[in-house]
Amino acid sequence: MAEATLNSSGVVDHEASVASRRRLISRIVIYGLLSGFALIYLIPLCVVVFNSFRTLPEISAHGLIAFPQSFRLDAWPQAWSDFCIGGQCEGIQRYFWNSVAMVVPATIISTALGAINGYVLSKWKFPGSDIVFGMMLLGVFMPGQIALLPWAFILGKIGLANSVYGLILVHCIQGLSFTTLFCRNYFVGIPDDLVKAARIDGAGFWRIFYKIILPISPPILIVTVIWQFTGIWNEYLFGVVLNSGANQPITSALVALSLNGTTVRTYDVMSAAVLIGALPPLLVYFFGGKYFVRGLTQGAIK
Amino acid sequence: MSSAGYTAMAGGTGLWEKLKRWVPIFVITPSIIASFVYVFVFAGWTLYISLSDSTLLPTYGFKGLENYFSLWANRRWGVAYSNLFFFSTFYVLAAMAVGLVLALLLDQKIRAESFWRTMYMYPLAVSFIVTGTVWQWLYNPTGGIQFLVNSLGWTDFQFALTSDRKNAIWAIILTGIWQSAGFTMALFLAGLRSVDGDIIKAASIDGASTFRIYRKVILPSITPIFLAVAVVQLQAAIKTFDLAVALTNSGPGISTTFPATYVYDLMFQRGQIGEGAAAAMMILAALAVVLVPYSLYLAWRRRRESGRG
Amino acid sequence: MASLTIRNLRKSFGAVEVLKGVDLEARTGEFIALVGPSGCGKSTLLAMIAGLETVTSGEIYIGDRLVNSVAPKDRDIAMVFQSYALYPTMTVKENMAFGMESRGVPKAEQEQTIARVAALLQIEPFLKRKPGQLSGGQRQRVAMGRALVRDPALFLFDEPLSNLDAKLRVDMRTEMKKLHQRVGKTTVYVTHDQVEAMTLASRIAVMHQGEVQQFADPDTIYNRPANIFVAGFMGSPSMNFINAEISTAGGAPAVTFPLADGGVASLPLHDGVAQRVTDKKVILGIRPEHLSRQDPGNAGKPGVATMSAPVEVVEPTGAETMAVMKFGELEVVGRFSPDEAPRMGENMPLAVDMTRACLFDPATTRLI
């Protein structure tokens, strides 16, 4: 756009040179601004990465924001397996595995349910199905605080209090709204004629789902899985309220670690711990960025 | 032509065929029940507790609106909701402004667009806990930004947001903007890209400058996106919890208490479940104030558009 | 024997009645076209025959079996969709095999059937390709192939040619006709294109507002349309409708209507029609091709009336020339061969073939 308008005036040589100079200046301004913002976004990341390799004395001498003058890996194994959080000196690994044990089944189950719900609500509509969908949509906007007491009560009743299984259940049901919304909106775009043709061809509900719908659905399934994975991995409120001690997920452990304000701050180990906690969703983001962004924008505009 | 019929109910004789007709409904029933419980039963339950005399454990003695009165009489709740107003205003507007600037910059046919985009959006992948923790370090005067500027020679420079009662809220606002500007950018960029290219060509043939094309043609045609972004940001602001916990833990003192952190405090630190539930209901009410008019507006707009089409 | 019988079929979506009592039947081997403007209910009717929509009331028989509540797969039908509805992730061959797999047809038989149909439709070269790699015409063939492997009692087509470009559409129309002659299966064919209906069908049901306006062979539909709607819908350019009066002033009954120059045209009626006219006011329907330039060859013929009208617009298309003329206030289209075509502004002497003209009752819009 910018180029089109700026180029269009080049009739006389003088005009052309003015235009090209103006263009150069505007390019410099644009890239300058972009770089400035990029710096603001990169510094925090660099700080954590650098500090996880620096020594503690160096950090206190030169501050947190500085290029590393030493390189040392000690902080990583310490963060992983030795560091003390809330009296337990087993490092962050336990909480990391708690999160993994929570996020994998919760993601798979909620995505599978969302796909089936979306399939029913788009291709096998029944009287009242739009009302059902509207109700599920409400779940997207429910604040977690409303659900805290009921969940604590229910999980206590069914014996899943303070357990990773309890959190799996919570996240499956929490996520249902989103996964259903994503899948339903995608499936609505699949022509109804395909389902009709398959029904005339003698395929039933499940056969159409497996043979026709699922093979066209990888894009939305990836979006949904990424959305659920990052959302559940990063979730804090339910983890800290419903579970305690050794059963908490990694977000709670990171908070416990950074609020451990009594002792001298071990920025090196904390940096490593923070990075370990941020790594899974970051990897997902860097490898599935396109789908991640699509999920964000779709989740927002609906 | 019209296919408004309910596919699930068509066709089939015999018991087996009739049963098969119910498969879709049967399959979705558990999800319907779960959603119903999650949306209505949970909200009703919390509402009921907010009207009860619950303290450490849920009890069901009816107390009327007393919890709400004592909540609104509480100074901390006053701090919480005035924080929320202050935070929401800047968080929503500034994140949109920064996001729009980034989107406009990225829309200038720049090189390696996806590289820049990836850079601005990576915070969205990590939790508020992680960004909160890291920014807490950066705000720390004895090692973070202040330390850096001081050591560069400006020894009088003061930047100690998180330890200053009056300004701690700004630490949360700035971090919130930093985290979510990439998100608003993505939405605005998607909007800018959805504008019909022919309109832009027509405007540039009419001799409009780039600036004028943006101001008069492109931005007006994405006004619905501004509204959508504002609503999404606002509802995120109302739910603010993780960031405040990780960054300042409601401190110093109670200066950065938010409604959501206060709910947590009342319910699980102070054993005032009834009042905590009342505060949770207030959050729900605030969300409703934002979302109900918005969805009515969306429904109205959709009807108007389909009426025209 | 009838392959398809429909009795008093009704369909409502909520308060909206889209089919208001349809009766129809197709004899074995017959090609029936359902034609009408969009929204007339023809696609809904087809979907109900296929079992994809429920029946509100009335009966559908395929053969002599009442199929109102029989599942689509058990109706012994095959359907070709407007969008083709090819399964995008399957190859052409898998598309054709899908239905047979669902019904548990043995593998060897599947292979044989696919080979036979692929040869018939000349789609062997694409069997291994996915629908996305095919052109529109090729996809159309595959969609037909998928229907043909089924060897059903009834073929259903839902505007199968409407997504093709104009030239291909004409070619495929011919192929469709050949195919039907070869396969000889009972076919119900939905289209909004009256030319397709005329060329393909042995009988046409013209639908409008949820009702069958006329169900007859193409010749009757074209020459003796049951009402003004059918007359206007079938034929392009459409039939001209002129508000006129019957007068017996000159002895023999004639239709009269005012002319642009202030005069009155008086066209003597054909004997057969004259007896059926009871009222004074009528609507005269004349097809564009029944107007021609007056010459000694036609002027004196029985049943041919003469008049003249000013020419406003001339539109040559090569093979023929359309001209818009003024009959009083009214614009009337005529279709002429290029050598007799009028010039702009000419007051053209016309010969009107009154034996082919239709008279409609203005109150009921029915043919008199």
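**Notes on a predicted multi-chain model**

1. Let me start with chain C, where the domain assignment gives domain 1 (2–233) and domain 2 (240–360); these bounds come from an automatic or database domain assignment. This is a predicted model, in which local features need pLDDT of at least 70 and side-chain atom pairs count only at pLDDT 80 or more, while totals for chains, interfaces and linings use all residues. Residues are numbered from 1 along each chain as its sequence is written, and chains are lettered from A and ligands numbered from 1 in the order in which they are written.

2. How far apart are the C-alpha centres of the two domains of chain C? They lie 40 Å apart. The contact between them takes five residues from domain 1 of chain C and six residues from domain 2 of chain C, where two residues are in contact if their C-beta atoms, placed from the backbone, lie within 7 Å. On the domain 1 side, the residues divide into three nonpolar, two polar and no charged. Here Ala, Val, Leu, Ile, Met, Phe, Trp, Tyr, Cys and Pro count as nonpolar, Asp, Glu, Lys and Arg as charged, and the others, Gly among them, as polar.

3. Helix H5 of chain C (residues 166–183) is worth a look. Its 18 residues reach 25 Å from the first C-alpha to the last, close to the 26 Å expected at 1.5 Å a residue; the expected span is 1.5 Å times one less than the number of residues. Helices (H or I, at least four residues) and strands (E, at least two) are DSSP runs, numbered from the N terminus.

4. Which residues of H5(C) are buried? They are C:Met172, C:Met176 and C:His180. They sit on the same side of H5(C) because they cover an arc of only 80 degrees around the axis, the arc being that of the directions from the helix axis to the C-beta atoms. An α-helix has 3.6 residues a turn, so residues three or four places apart point the same way. A residue is buried if 20 or more other C-beta atoms lie within 10 Å of its own, exposed if 12 or fewer, and partly exposed in between, with C-beta atoms placed from the backbone.

5. The other side of H5(C) carries the exposed residues C:Lys167, C:Asp171, C:Thr174, C:Lys178, C:Gln181 and C:Arg182. The buried residues of H5(C) pack against strand S3 (31–35), helix H4 (136–148), strand S8 (186–191) and helix H6 (194–200) of chain C. After H5(C) comes C:Gly184, with a positive phi near 70 degrees.

6. Turning to chain A, you will find 15 helices and zero strands. Its radius of gyration, taken over C-alpha atoms, is 26 Å, whereas a compact globule of 302 residues would have one near 19 Å; the globule rule is 2.2 Å times the number of residues to the power 0.38. The C-alpha atoms of chain A fill a box of roughly 75 × 70 × 30 Å along the principal axes. Of its 302 residues, 50% count as buried. Among contacts in chain A with a separation of 6 or more, 73% join residues 24 or more positions apart.

7. Chain A is divided into domain 1 (2–74) and domain 2 (93–301), and the C-alpha centres of these domains lie 35 Å apart. Nine residues of domain 1 of chain A are in contact with seven residues of domain 2 of chain A. On the domain 1 side, H2(A) gives the largest share, three residues, and the residues of that side divide into five nonpolar, three polar and one charged.

8. The contact between chains A and B takes 75 residues from chain A and 82 residues from chain B. Helix H2 (residues 13–51) of chain A gives the most to the chain A side, with 10 residues. The residues of that side divide into 56 nonpolar, 15 polar and four charged.

9. Helix H9 of chain A (residues 192–200) is mostly covered, with seven of its nine residues buried; among them are A:Lys196 and A:Arg199. What covers them includes helix H5 (93–123) and helix H10 (205–216) of chain A, together with helix H1 (42–50) and strand S6 (77–80) of chain C. A:Gly202, which follows H9(A), has a positive phi near 95 degrees.

10. Why does A:Gly288 count as partly exposed? Because A:Gly288 has 19 C-beta neighbours inside 10 Å. Leaving aside neighbours within four places in sequence, A:Gly288 is in contact with A:Ile222 and A:Ile226.
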